Amino acid sequence: MPAAPHAPQPAPPPVTVVVATRDRAADLGSTLPRHEAEVVVVDNGSTDGTATVVAQEAARRRAAGAPELRSVRPGRNLGATARNLGVRAARTPLVAFADDDSWWAPGALARAAEVFAAHPRLAVLAARTLVGPAEELDPVCTDMASAPWGRDPDLPGPHVMGFVACAAVVRREAFLATGGFDRVVHFGGEEERVTYDLLAAGWGLAYVDDVVAHHHPSPSRGTAQSRRELLQRNALLTAWMRRPVRVAAASTVRALVAGGEPRHGALAAVPRVPAALRERRGTSRLVEERLSVRG
């Protein structure tokens, strides 16, 4: 009897996973095989075994007939802007970001593609995120699901005023139209300015609870204090790029007067303010209205 034909492999979703990484070969070796779609890895100047891990996973995928893995190596640390290179290299209309310590649940990207197809104004889908070995719901998701900024009938879930890049899927054309992540903030809170620009251009950003990402933070991450100071710095820089000048100035003064971590973040921001002002655009009434909900 002739051998039974192999069952056809399901078509991969029209999504490319973009992973920016630096010196986390062990984490990457665990997460890369979990992605069900094509992957573009952008190596931010790693000096460990990252290149070997990426090459081995690319070879495994070729042998298995799985979606392709490609790599981009700019040769230096570009911070969050490395993801822009991955988005430009993508050949699909949708891009799912992941970090080297995160991955998308089985079926999540196919579901995301369905959501985008049904909601043409959607630019960013913020996913339900399960954190750590205990798979606890990220508190950010609880906040998003409570719909503090309301919702529109042409979007698949509550409005969001930001997103976590490693748990977000974006419409490629909309993301690139904002210029992507920027060099001013480099890394940490880089999603904020993109959010403002997308809203100002009329795009929608929404939380979708049935698209799931997993995030097991790497033990090689920096301290919580350094992270908070970095986020303070970058929030102020984003304010100087997109918020009214009075708001940016008042926020900077408050942080300087507050002392402690806010002051350290503000002091780190001050030398970068001229660069932020060079990237400044007009403010958005919609953005300011949304932000006023939280004061």
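Biologist: Axes are lines fitted to C-alpha atoms, for helices over the stretch in contact, and angles run from 0 to 180 degrees between N-to-C directions. At what angle do the axes of helix 7 and helix 8 cross?

Modeller: This is a predicted model, in which local features need pLDDT of at least 70 and side-chain atom pairs count only at pLDDT 80 or more, while totals for chains, interfaces and linings use all residues. Residues are numbered from 1 along each chain as its sequence is written, and side-chain values use heavy atoms, with hydrogens and water left out. The axes of helix 7 (residues 191-200) and helix 8 cross at roughly 25° and come within 9 Å. Helix 7 is therefore roughly parallel to helix 8 (under 35 degrees is roughly parallel, over 145 roughly antiparallel, 65 to 115 roughly perpendicular, the rest oblique). Helices here are DSSP runs of H or I with at least four residues, and strands are runs of E with at least two, numbered from the N terminus.

Biologist: At what angle do helix 8 and helix 9 pack?

Modeller: Helix 8 packs against helix 9 (residues 245-258) at about 155°, and their axes are 8 Å apart. That angle makes helix 8 roughly antiparallel to helix 9, and their crossing is left-handed. From helix 8, Gln232, Leu236, Ala239 and Trp240 meet Val245, Ala248, Ala249, Ser251, Thr252 and Ala255 of helix 9. The residues of this contact divide into 7 nonpolar, 3 polar and no charged.

Biologist: And where does helix 10 come in: at what angle do the axes of helix 8 and helix 10 cross?

Modeller: The axes of helix 8 (residues 224-242) and helix 10 (residues 260-269) cross at roughly 50° and come within 8 Å. Helix 8 and helix 10 are therefore oblique to each other, and the crossing is right-handed. On the helix 8 side are Gln225, Arg228, Glu229, Gln232, Arg233, Leu236 and Leu237, which meet Glu261, Pro262, His264, Gly265, Ala266, Ala268 and Ala269 in helix 10. This contact of helix 8 with helix 10 has 6 nonpolar, 4 polar and 4 charged residues.

Biologist: Changing topic, is Thr21 buried or exposed?

Modeller: Thr21 is buried, with a relative accessible area of 2% (buried is under 20%, exposed over 50%, partly exposed in between, using a 1.4 Å probe and protein chains only). Thr21 is placed in strand 1 (residues 15-21).

Biologist: Which residues is Thr21 in contact with, leaving aside its neighbours within four places in sequence?

Modeller: Thr21 is in contact with Leu28, Val41, Val42, Asp43, Asn44, Ser46, Thr50 and Asp100. With Asp100 there is a polar contact between side chains, at 2.7 Å (a pair of N or O atoms within 3.5 Å; within protein, one must be able to donate a hydrogen and the other to accept it, and residues adjacent in sequence count only if both atoms are side-chain atoms). The C-alpha atoms of Thr21 and Asp101 are separated by 9.2 Å, although these residues are 80 residues apart along the chain.

Biologist: Where does Ser46 lie?

Modeller: Ser46 lies in the loop between strand 2 (38-43) and helix 2 (50-64). Ser46 is buried, at 14% relative accessible area. Its side chain is joined to that of Asp43 by a polar contact of 2.6 Å, and to that of Thr50 by one of 3.5 Å. Beyond its neighbours within four places in sequence, Ser46 is in contact with Thr21, Arg22 and Asp23.

Biologist: What about backbone angles: what is the phi of Glu135, and of Ala147?

Modeller: Glu135 has a positive phi of about 55° although it is not a glycine. Glu135 is in the loop between strand 6 (122-131) and strand 7 (136-137) and is partly exposed, at 27% relative accessible area. Ala147, also a residue other than glycine, has a positive phi near 55°. Ala147 is in the loop between helix 5 (139-145) and strand 8 (168-171), and counts as partly exposed at 22% relative accessibility.

Notes: A crossing is left-handed if the near helix is turned anticlockwise from the far one by less than a right angle, and right-handed if clockwise. Contact means heavy atoms within 4.5 Å. Ala, Val, Leu, Ile, Met, Phe, Trp, Tyr, Cys and Pro count as nonpolar, Asp, Glu, Lys and Arg as charged, and the others, Gly among them, as polar.
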